[in-house]
Amino acid sequence: MVVVHEVEPWLMQVQHLPELGVALVLSLLIGLERQLRGKEAGVRTHALVGLGSALFMLVSKFGFMDLVAVQNISIDPSRVAAQIE
C-alpha cells in the first residue's frame, strides 16, 4: 500500500518566498548601483522588473503541474518563461 502525502497549496507557495526574496534583493542592488551612477532606471524599476521576472519563472515552472499529468492535454509551460525579456 502506497501512502501519498499531499502538500498544502499554501505551503508550496511559502516554499518559493526565499527565491523571490533573493531576486528582489539582487534587483534592488542593481537598481541602487544605477541610481548612484545617475542612470534613469533606478531602484524601484529594477525591483519591480526583477521580482516580476522571478515570479513569471516560478509560475512557468510550477504553475501548470496539475495540467501536465492530464492525458490528452498538450501544453508547454516553458513557453511562458521564454517570453521574458
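Author: Among contacts (heavy atoms within 4.5 Å) in the protein chain between residues at least 6 apart in sequence, 38% join residues at least 24 apart. This is a predicted model, where local features need pLDDT of at least 70 and side-chain atom pairs count only at pLDDT 80 or more, while totals for chains, interfaces and linings use all residues. Residues are numbered from 1 along each chain as its sequence is written, and side-chain values use heavy atoms, with hydrogens and water left out.

Reader: What makes up the secondary structure of the protein chain?

Author: Five helices and zero strands. Both are DSSP runs numbered from the N terminus: helices are H or I with at least four residues, strands E with at least two. Along the sequence the pattern reads α-α-α-α-α.

Reader: Why is histidine 16 called buried?

Author: Buried means under 20% relative accessible area, exposed over 50%, and partly exposed in between (1.4 Å probe, protein chains only). Histidine 16 has 17%, so the label is buried. This residue lies in the loop between α1 (9-15) and α2. Leaving out residues up to four places away in sequence, histidine 16 touches Leu58 and Phe62.

Reader: Why is valine 25 called partly exposed?

Author: Its relative accessibility is 46%, so valine 25 falls in the in-between class. Valine 25 sits in helix α2 (residues 17-36). Glycine 21, also found in α2, is partly exposed because its value is 30%.

Reader: Which residues of α2 are buried, and why are they said to line one face?

Author: Leu20, Ala23, Ser27 and Gly31 are buried. Seen down the axis of α2, the buried residues fall within an arc of 65 degrees, so they line one face of the helix. The arc is taken from the directions from the helix axis to the C-beta atoms. These buried residues pack against α3 (43-62). The face turned away from the buried side carries the exposed residues Pro18, Val22 and Leu36.

Reader: How many residues does the protein chain have, and what share of them counts as buried?

Author: There are 85 residues, and 15% count as buried.
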